[in-house]
Amino acid sequence: MADKRLGYGWLMVVLMPVGFFFLSLMIGRYPVSPPTVVKMLVAKLLSVDPGIPEVVNTVLFRVRIPRVVSAMLIGGALSVSGAAFQGLFRNPLVSPYILGVASGAGFGASLAILFAENALAIQLSAFVFGTVAVMFSYGMTRLYRSASSLVLVLSGVIVGTFFTALISLIKFWADPFEKLPLIVFWLMGSLASVTQKDMVVIVGPMLVGLSVLFMIRWRINVLSLGEEEAKALGIETRRLRILIVLSATLITASAVAVSGIIGWVGLVIPHLARMICGPDYRKLIPVSFSVGACYLVFIDDIARNLTAAEVPLGILTATVGAPVFAWVLKKSALGWS
């Protein structure tokens, strides 16, 4: 009976994102019926003419599918990254942005908007500076000659604050009528302008990072017990910590480079996943990805249907995430054992 229940649980983990995917393709300013969606997808797979107006093809394959797939990838990736960092630092209040990747990426994007305003340049600059920020955070642990988690977190706070100040400086310099609105809107997070090219750009780095975290998820179980316990069990904690930080940073920087800064996903969703499957990272990593993918695509559906002017995702994730997080903390009695 227990095995049967477990099988149903994993089936739900797989089917839930599929259900949200199809639902999201149907709703929007231009509603598409379920039979039409199925017909278009089958026709695309078989390379045949579905006999449906071209406008439907454009809406589905050039607008909605890239956006929905990107939302699911980014939501799932940020959730997995948040869960990995929470296990690494043994702290339920840690998010994927703890080491300054969001501030670094925000500075990189703001710099590119100020001088280039090219989509590829913005994404590349955001990714590079997000990665550089984490490298600075990790490098500061060498400066202080301490590899403890606390020093790493404090280094992340210092680096994040520094790059936030640089973002403010760029806002001060930016043209208030043209550049400044673009910078502010990017920093609030959105998938309004995502394209197939953007989707292709993020898939590779994300799959690499996600694959690594998936393969070492049982080791995160050991690391979350504490450094001394992990060493006693034969785990090389320093190398493992570096591997987790690199993988989670690759995932987060890729997500932020395309979507901007979307907060609360990597903080809240791992807690919801723990309530579903428990603290075992062998289950927590895939469940976090599934729940995070569903959550962000649901938020994105609200963003593009709520008003005529699209609401930035960062606003909605904070508005929804804060009360949900308060409820989760109440349910879990401030713990996550």
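Analyst: By contact I mean heavy atoms within 4.5 Å. This is a predicted model, where local features need pLDDT of at least 70 and side-chain atom pairs 80 or more, while totals for chains, interfaces and linings use all residues. Numbering starts from 1 along each chain as its sequence is written, and side-chain values use heavy atoms, without hydrogens and water.

Let's start with Leu191, in the loop between α7 (179–188) and α8 (196–215); helices are DSSP runs of H or I, at least four residues, numbered from the N terminus. With 1% relative accessibility, Leu191 counts as buried (under 20%; exposed is over 50%, partly exposed in between; 1.4 Å probe, protein chains only). Beyond four places in sequence, Leu191 is in contact with Arg67, Ala71, Ile74, Ser259, Asp300 and Leu313.

Of its 100 residues, Ile74, Phe85, Phe89 and Ile244 touch the most other members. Helix α3 (residues 54–89) gives the largest share, 17 residues.

Phe85 and Phe89 sit 4 residues apart in α3, so about one helical turn separates them. Phe85 is buried at 1% relative accessibility, and Phe89 is buried at 9%. Their rings are stacked, at 5.9 Å centre to centre and 15° between planes (pairs need centres within 6.5 Å; under 30 degrees is stacked, over 60 edge-to-face, the rest tilted). Leaving out residues up to four places away, Phe85 also touches Val94, Pro96, Leu99 and Val245, among others.

Conventions
A nonpolar core is a set of buried Ala, Val, Leu, Ile, Met, Phe, Trp, Tyr and Cys residues joined through side-chain atoms within 4.5 Å. Helices (H or I, at least four residues) and strands (E, at least two) are DSSP runs, numbered from the N terminus. Rings of Phe, Tyr and Trp (its six-membered ring) pair if their centres lie within 6.5 Å; planes under 30 degrees apart count as stacked, over 60 as edge-to-face and the rest as tilted.
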